[in-house]
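Biologist: I'd like to go through this structure with you. Can we start with a word I keep meeting?

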Amino acid sequence: MTGAIMSMLTDTGYCHLGEGIFYVSGNIDMPEGSMLCGCGKKTVVRLLQSTTTGYCVKIEKYCTIENISFEGARTFAVPSTKGTRNGIAFMADYDGTPSITTDHCMVNNVWCKFFSGAGIYCHNTSINYAKGLYVSNAYIFACYAGIDIDYYSEFNRFVNVCTAWGKY
């Protein structure tokens with residue numbers, strides 16, 4: 001479903017997924033100003049087992065994700081070492097310079113489960129306090145890291161976020 005979701009986001013800026021499980025090969029890059037939403041926990045975007053690295057979805061600028069669940073390996077075993085599979089990636093480039101491309105993204109009412117990396121991964125996103133990611137009502141379970149914030153990623157806001165290890 002990766003191509004179909006990307007097509008909707010690119011063509012209309014909006015993709016609403018109904019109830020069900022949507023298998024993706026990963027790396028859905030949301031275009032600027034787009035919105036991805038579902039029907040709460042009944043909408044699951046699941047990363048294929050064959051995808052060994054990457055993320056389900058990446059947001060950069062003026063994107064919104066809400067009412068959706070993301071799943072990685074679909075196992076209850078919590079990873080003992082950090083992997084490279086992430087749920088939501090809020091990141092710009094890896095060139096070592098502060099980003100000017102990430103800006104004002106919102107994530108609300110999401111579930112991220114079973115990722116060998118992080119449920120939410122922030123990398124090189126903002127050096128400006130007025131910009132950044134706003135996450136509210138997020139539930140992150142059985143990931144190596146619930147939220148992984150690194151390199152130039154200050155000024156993000158997290159409200160009512162629960163992270164937990166193991167079975168839920």
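Modeller: Buried means under 20% relative accessible area, exposed means over 50%, and partly exposed is in between (1.4 Å probe, protein chains only). This is a predicted model: local features need pLDDT of at least 70, side-chain atom pairs count only at pLDDT 80 or more, and totals for chains, interfaces and linings use all residues. Residues are numbered from 1 along each chain as its sequence is written, and side-chain values use heavy atoms, with hydrogens and water left out.

Biologist: Okay, Thr10. Buried or exposed?

Modeller: Thr10 is exposed, at 51% relative accessibility. It sits in helix α1, residues 2-12. Helices are DSSP runs of H or I with at least four residues, strands are runs of E with at least two, and both are numbered from the N terminus.

Biologist: How far apart are the C-alpha atoms of Thr10 and Asp29?

Modeller: They are 9.5 Å apart. Along the chain, the two residues are 19 residues apart.

Biologist: What about the largest nonpolar core? How many residues?

Modeller: It has 32 residues. A nonpolar core is a set of buried Ala, Val, Leu, Ile, Met, Phe, Trp, Tyr and Cys residues joined through side-chain atoms within 4.5 Å. Those with the most contacts inside this core are Leu36, Ile59, Ile65, Phe70, Ile88 and Leu133. There is also a second, separate core of six residues, including Met91 and Tyr121.

Biologist: Back to Leu36. What does Leu36 touch?

Modeller: Contact means heavy atoms within 4.5 Å. Leaving out residues up to four places away in sequence, Leu36 touches several residues, among them Ile5, Leu9, Met30, Val57, Ile65 and Phe70.

Biologist: Last thing. Which residue other than glycine has a positive phi near 50 degrees?

Modeller: That is Ala142. Ala142 lies in the loop between β11 (133-141) and β12 (145-150). It is buried, with a relative accessible area of 1%.

Biologist: And what about the phi of Asn109?

Modeller: Asn109 is not a glycine, yet its phi is positive, about 55 degrees. Asn109 is in strand β9, residues 105-113. It is partly exposed, at 21% relative accessible area.
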